[in-house]
Amino acid sequence: MVQYFTTNEGAQRNCELIEDVLCELAARDPGGVEYQVLMFDDGVGFMHVVAFDGTTDPFADCGTHREFHRELRQRLAAPPIVSRAVLIGSYVGSRCGDA
């Protein structure tokens, strides 16, 4: 999980680059990965949450991911906070009795 804040000027470009990464991942479908990006209601705070099976790095061959990082420092208002965690469980909106 990575949390960071961009400058006001960098926020829109950051969103565009994130969308590019998501589109490339969808087209390549590397499998074994769940990637979510959230934008806080202030419009400059972001959180990236990625979970993958650990066998391969889903971003290893992702050109848009490299492009996202290329000028990231210029878009940031402060250094990012990186946290690692272990998934205990999750819930994905199914209803009781659904098969």
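1. The lining of the largest pocket has 18 nonpolar, 6 polar and 2 charged residues. Here Ala, Val, Leu, Ile, Met, Phe, Trp, Tyr, Cys and Pro count as nonpolar, Asp, Glu, Lys and Arg as charged, and the others, Gly among them, as polar. A pocket is an open set of points on a 1 Å grid over the protein atoms alone, where a 1.4 Å probe fits, with protein on both sides within 12 Å along at least five of seven lines; lining residues have an atom within 4 Å of a point.

2. A word on the source: this is a predicted model, in which local features need pLDDT of at least 70 and side-chain atom pairs count only at pLDDT 80 or more, while totals for chains, interfaces and linings use all residues. Residues are numbered from 1 along each chain as its sequence is written, and side-chain values use heavy atoms, with hydrogens and water left out.

3. The largest pocket holds about 830 Å³ of space, a volume filled by probe spheres set on grid points joined across faces, edges and corners. Of its 26 lining residues, Met1, His48, Val49, Val50 and Ala51 are the closest to the centre. Strand S3 (45–52) gives the most to this lining, with 5 residues.

4. Along the sequence, the pattern is β-α-β-β-α-α-β, made of 3 helices and 4 strands. Both are DSSP runs numbered from the N terminus: helices are H or I with at least four residues, strands E with at least two.

5. Helices H1 (residues 11–28) and H2 (residues 63–70) pack at about 165 degrees, with axes 8 Å apart. Axes are lines fitted to C-alpha atoms over the stretch in contact, and angles run from 0 to 180 degrees between N-to-C directions. H1 and H2 are therefore roughly antiparallel, a term for angles over 145 degrees.

Technical notes. Parallel < 35°, antiparallel > 145°, perpendicular 65-115°, else oblique.
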